Amino acid sequence: MNIVVCAKQVVDVSEIKVDPSTKRPVLSGIAKKISDIDKNAVEEAIRMKEKVGGKITVLTVGSADAKERVKELLAMGADEGVVIVAPVDSEYSVVATLLAAAVKKLGQVDAVLCGEASIDLFSGQLGPRLAGVLDIPQLTYTTKLTAEKDHVTVERNLGDHAATMTSPYPVLISVTKEINTPRLPSLMQILSSSSKPIREWKAEELAGGPLTPKIKTLDIKGVPMSRKNIVYQDDLDASIHKLVGELAKEGVLR
Amino acid sequence: MQLELTEQQKMIRNMVREFAEKEIAPIAAELDKKEEYPTKTLEKMAALGLLGIIIPTEYGGAGLDTVAYATVIEEISRKCASTGVITSVHNSLAAWPIIKYGTDAQKKKYLPLLAKGERIGAFAGTEPNAGSDLAAMKTTAELKGNHYIMNGSKTFITSGPKAGIVIVFAVTNKAAGTKGLSAFIVENTFKGYKVGSIFEKLGIRASQTSELIFENMEVPKDNLLGKEGDGFKIALSTLDGGRIGIACQAVGIAQAALDESISYAKQREQFGQPIAKFQAIQWMIANMATRIEAARLLVYNAAYAKDKGERISKHAAMAKLFASETAMDAVIDALQIHGGYGYTKEYTVERLFRDAKITEIYEGTSEVQRMVIASSLLG
């Protein structure tokens, strides 16, 4: 089985600070990593491979330095990586088009896995868009996956209800972070990952020409969160009573 | 001149950092309190190859260099200094002398067991009346037929009660002084091998430290490490490498003290502002961070020299001396920053304070490190 995992290199959002004067996030000097939920997708791909056999290719669209992060996924157990070097303003439609072109270029692909969303922008668009461009079935928000030779069965978390569904291959599956705990690579796996291939494809060559972003990001600013900073200083019982009253008034408690 | 880890070394450091955060940090305080050996953690570490870091790949290890090894010991010690020293002793004091001085048969027999973590390694040089003064050693080994008969006792042995493979030093020729010392690979299953008292310690309480007692212990002739009389040389060269490990442990403890101080100083408010806004706190943190950076570079320098095959006694002694004193300075300041809370077991810094002290003592006290440095300069 040929499995493709789409993984995105993101900045470590836990380290982002907002410049108090401009309200813009300060991104320089912040460590980059693979988006957490995409690592869950890689882990699930490895489990699929362990069960039914096959080959795992990691695809990423971004800057050339993503290669170092892709190596981590190869150390976990993916077999090869492809970094599609694309301009920084590539938005969802461009990225989905590029990934679809890459999947087609890879040839026979049975399953495409990705995280339900990336931890930096969390739009959740990529999986569904990619399935649309590839014109294959999609199973989103997967919390459990059982792969067989000719079909896959998944459990999906749809907020107010859960659904169990099955699909033949090829299929796109987006996973949630609850699906598994990504493994840590051993020292030996880290050492052997350096011999696994990482190819670099150019966006324009892959798409057969320049791709125009449909959406332009004009500005990104942190959202200020105002706090009420109320301190209840009466005796404990009275304070609790007041706090519960205030929370009810705010609609937090009903 | 390159002062940066390679991408591969960074990947290793990141993997160990993540492992330590997830698997070691949550249990470190509890193990310290109960003086409980981290057996389960060591099993998980073995699966990741962390018990065979420097063991060649043909014997089931990862075959990594000393710089990569240094990053591993630092990251583990940053979350638990006990697990750090167990790993350091296992790799650099038990596996290394076998890699360096062992016969093919000894390597084939013992290195895979250490690499897979099926046996934990220890090093037994110290005796009640012989610490850094190895020549005062009283344990004897006398060749009778196919066995050496060993008698004597060792003390302050890290992992003593749990170790399965121990590098033991004993006198084989009393008249020859330090040239009469020999090294042996001893298994805890040998007849006459006994674990003595387990010490109740101030710090690194999860690393069990004990006496080992040998009563007419039969050590097969084949378990002599190197030649008869090589013991002194083997002990000194092994301890040079071990000191790099302890220096890494010290840097890890110091880094943890800095991590805790930064996070506490930012959230603790006094006089209407976080204490991080006060210059007195800022200076302590700045000094701590600067010394840690310097200590880490000294460690990498010693590790790099070892990988190049240079004589490292001076480098290793300098790294160990500076890193251990840095750790002690760091925990004193870190506890001061934490105020009264730091004096309680509620806060990690209390454990760091107790753990740091041993780094100035074992594998050669700071005074011994200064002797080593001075003698390499003055002859």
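Is B:Glu293 buried, partly exposed or exposed, and what is its relative accessible area? B:Glu293 is partly exposed, with a relative accessible area of 46%. The model is predicted.

**Salt bridge within a helix**

- B:Glu293 forms a salt bridge with B:Arg296, and the closest N and O atoms are 3.8 Å apart.
- The two residues are about one helical turn from each other, because B:Glu293 and B:Arg296 lie three residues apart in helix α7 (residues 279–307) of chain B.
- An α-helix has 3.6 residues a turn, so residues three or four places apart point the same way.
- B:Arg296 is buried, since its relative accessible area of 15% falls under the 20% limit for that class.

**Salt bridges between elements**

- B:Lys44 pairs with B:Glu23 in a salt bridge whose closest N and O atoms are 2.7 Å apart.
- Because B:Lys44 sits in helix α2 and B:Glu23 in helix α1 of chain B, this pair ties together parts that are 21 residues apart in sequence.
- B:Lys44 is partly exposed at a relative accessible area of 39%, and B:Glu23 is partly exposed at 30%.
- A salt bridge also links B:Lys109 and B:Glu187, with the closest N and O atoms 3.5 Å apart.
- B:Lys109 belongs to helix α5 (residues 104–115) and B:Glu187 to strand β5 (residues 181–187) of chain B, so the pair ties together parts that are 78 residues apart in sequence.
- B:Lys109 counts as partly exposed at 46% relative accessibility, whereas B:Glu187 is buried with a relative accessible area of 13%.

**Salt bridge total and network**

- Over all chains, the count comes to 43 salt bridges, with a side-chain nitrogen of Lys or Arg required within 4 Å of a carboxyl oxygen of Asp or Glu.
- One network, joined by salt bridges that share partners, contains B:Asp32, B:Glu35, B:Arg205, B:Lys345, B:Glu350 and B:Arg354.

**Helix α2 of chain B**

- Helix α2 (residues 39–47) of chain B has B:Thr41, B:Leu42, B:Met45 and B:Ala46 buried.
- Seen down the helix axis, the buried residues of α2(B) fall within an arc of 140 degrees, so they line one face of the helix.
- These buried residues of α2(B) pack against α1 (7–34), α3 (66–79) and α4 (81–101) of chain B.
- B:Lys40, B:Glu43 and B:Ala47 are exposed, on the face of α2(B) turned away from its buried side.
- Just after α2(B), B:Gly49 has a positive phi of about 85 degrees.

**Nonpolar cores**

- The largest nonpolar core has 123 residues, of which B:Leu50, B:Met150, B:Phe184, B:Val186 and B:Ile337 touch the most other members.
- Helix α6 (residues 231–267) of chain B gives the most to this core, with 16 residues.
- Leaving aside neighbours within four places in sequence, B:Met150 is in contact with residues including B:Thr139, B:Val168, B:Phe184, B:Val186, B:Phe214 and B:Val219.
- Another core, of 33 residues, lies apart from it and has A:Ala7, A:Met48, A:Met76 and A:Leu145 among its members.
- In soluble globular proteins, nonpolar side chains tend to be buried together.

**Nonpolar surface patch on chain A**

- A:Leu236, A:Ile240, A:Val244, A:Val252 and A:Leu253 make a nonpolar surface patch of about 460 Å².
- A:Val244 is placed in helix α7 (residues 236–249) of chain A and counts as partly exposed at 41% relative accessibility.

Methods. Residues numbered from 1 in each chain as written. Chains lettered and ligands numbered in written order. Predicted model: local features only at pLDDT ≥ 70, side-chain atom pairs only at ≥ 80, totals over all residues. Heavy atoms only, no water. Patch = residues over 30% accessible without salt bridge, like charges linked within 9 Å, V, L, I, M, F, W, Y side chains within 5 Å. Areas by Shrake-Rupley, 256 points an atom, 1.4 Å probe, with all protein chains shown as cover. Helix = DSSP H or I, 4+ residues; strand = E, 2+ residues; numbered from the N terminus. Buried < 20%, exposed > 50% of the residue type's maximum accessible area, 1.4 Å probe, protein only. Arc of directions from axis to C-beta. Contact = heavy atoms within 4.5 Å. Core = buried A, V, L, I, M, F, W, Y, C linked by side-chain atoms within 4.5 Å.
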